[in-house]
Amino acid sequence: METLYVRYGTDERAMTRTLLEIMDVQESINPAHTVVIKPNLVNPTAPSEGATTHSGIVRTVIEYLLERGIHKIVIAESSWVGASTLDAFRICGYESIAREYDVPLVDLKNEGSVEVPVMDMKIRVFERILKADILINMPVLKAHCQTSMTCAMKNLKGCIPDSEKRRFHTLGIHRPVALLNRILRSHLVIVDGICGDLFFEEGGTPLPMNRIIAGRNALTMDLYCAGLIGYSFEDIEYLGIARKLGLGDGRFNVVETNTCKDSDTCMQVKETRGKRLESLTKNVVNDQACSACYGGLIQALGRMKDLPSGMKFSIGQGFKGKKLAGVGIGNCTSGFTRWAKGCPPRAIDIIDFLAHS
């Protein structure tokens, strides 16, 4: 059974360091290994917009490896079709990482690729990725307009040329993504769950949830992360295909290395941006909610098609110990007539609770 590790907070570097040390990552990497770090830099937008991997997470991974004598490190990415990877490196803060630690930034769009047979397909993959001893997959947890969610498995689309990216979509995207993950194994997955976009992979509607998740199996990570943003296993087609391909059995154990209420996420809820988010929050009564809990509720409301008209949702530490009528979200609202358990509750669990309320 795969063990996943979760850390809540707003200090991305300290959170990442804690997870790496708890997982004892260096045991599976030695100084002779070539390590490729693959973030999600789908387009040239700042990570605060909800589409790209925060540079502080990548910076901490590099520091951790260098401290342990692992120096053969590159950061490699191929932004989506039509976007400049070099611009993404610059805008997302990766150029300063490269200068400070002497770690090359590789625009895979300029690299060679080879065709790799996998079952009844052939997929062209960048040679540099295939030759890596260790692939560290560092996606952003966010929504996607075609596959509902994008996270660890789909992040590997950045390891194929633009022509293949286009072909994946003509083939229906789900099966090719699963087969690509049969070719490329993610040795370590660190998911940026700081503020992924609620609606679209391009960013612009970031929702602070202030967490980082780490594990070693891309499918297992995606199965868990889907629930965090309100999707079940059945909602994401490529997850089912990947399980049938034997990329993981779907069983996992989650270790929360701290609690939301004990981290610095308490009272970190920021003003939401955009009319769509405003419409989701209009019936939320927030009193000192942690961002991870609040974000889970907004994710749930964003996924639900039918909600009782006028229903109010109370959330936050300000409700702790109070006996009140109505609907509460999270353990702090256990005194309400009805309340969804969790600290913080996953969006999928909130959806299930509301569907049966």
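## Helix packing and salt bridges

Arg17 is buried, with a relative accessible area of 19%. That places Arg17 under the 20% cut-off for buried residues. The model is predicted. Helix H1 covers residues 12-23 and helix H2 covers residues 55-67. Their contact includes Arg17 of H1. Arg17 also belongs to a network of salt bridges with Arg13, Glu63, Glu67 and Arg68.

**H1 against H2**

- Two packed helices are described by the angle between their axes and the distance between the axes.
- The axes of H1 and H2 come within 8 Å, and they cross at roughly 40°.
- H1 and H2 therefore count as oblique to each other.
- The crossing of H1 past H2 is right-handed.
- On the H1 side, the contact is made by Glu12, Arg13, Thr16, Arg17, Leu20 and Glu21.
- On the H2 side, the contact is made by Ser55, Gly56, Ile57, Arg59, Thr60, Val61, Glu63, Tyr64 and Glu67.
- Sorted by class, this contact has seven charged, four polar and four nonpolar residues.

- Side chains of opposite charge can pair when their charged atoms come close.
- The count of salt bridges comes to 14.
- One of them joins the side chains of Arg13 and Glu63, at 2.5 Å from N to O.
- Arg13 lies in H1 and Glu63 in H2, so this pair ties together parts that are 50 residues apart in sequence.
- Arg13 is partly exposed, at 32% relative accessibility.
- Glu63 is buried, at 18% relative accessibility.
- The side chains of Glu67 and Arg17 meet in another salt bridge, at 2.8 Å from N to O.
- This pair also links distant parts of the chain, with Glu67 in H2 and Arg17 in H1, 50 residues apart.
- Glu67 counts as exposed because its relative accessibility is 52%, and the cut-off for exposed is over 50%.

**H2 against H4**

- Helix H4 covers residues 94-101.
- The axes of H2 and H4 come within 10 Å and cross at roughly 15°.
- H2 is therefore roughly parallel to H4, since angles under 35 degrees count that way.
- H2 and H4 cross in a right-handed sense.
- H2 contributes Ser55, Val58, Arg59, Ile62, Glu63 and Leu66 to the contact.
- H4 contributes Tyr94, Ser96, Ile97, Glu100 and Tyr101.
- By class, this contact has six nonpolar, three charged and two polar residues.
- Glu63 of H2 is named in the contact with H4 and in the contact with H1.

**Helix H3**

- Leu86 sits in helix H3, which covers residues 85-91.
- Leu86 is partly exposed, with 48% relative accessibility.
- Leaving aside neighbours within four places in sequence, Leu86 is in contact with Glu95 and Asp107.
- Leu86 and Ile73 are 13 residues apart in sequence, and their C-alpha atoms are 18 Å apart in space.
- Asp87 forms a salt bridge with Arg90, with 3.4 Å between the closest N and O atoms.
- Both Asp87 and Arg90 lie in H3, three residues apart, about one turn of the helix.
- Asp87 is partly exposed at 32% relative accessibility.
- Arg90 is partly exposed at 46% relative accessibility.

Definitions and conventions. Residues are numbered from 1 along each chain as its sequence is written. This is a predicted model: local features need pLDDT of at least 70, side-chain atom pairs count only at pLDDT 80 or more; totals for chains, interfaces and linings use all residues. Side-chain values use heavy atoms; hydrogens and water are left out. Axes are lines fitted to C-alpha atoms, for helices over the stretch in contact, and angles run from 0 to 180 degrees between N-to-C directions. Helices (H or I, at least four residues) and strands (E, at least two) are DSSP runs, numbered from the N terminus. Angles under 35 degrees count as roughly parallel, over 145 as roughly antiparallel, 65 to 115 as roughly perpendicular and the rest as oblique. A crossing is left-handed if the near helix is turned anticlockwise from the far one by less than a right angle, and right-handed if clockwise. Contact means heavy atoms within 4.5 Å. Ala, Val, Leu, Ile, Met, Phe, Trp, Tyr, Cys and Pro count as nonpolar, Asp, Glu, Lys and Arg as charged, and the others, Gly among them, as polar. Buried means under 20% relative accessible area, exposed over 50%, partly exposed in between (1.4 Å probe, protein chains only). A salt bridge is a side-chain nitrogen of Lys or Arg within 4 Å of a carboxyl oxygen of Asp or Glu.
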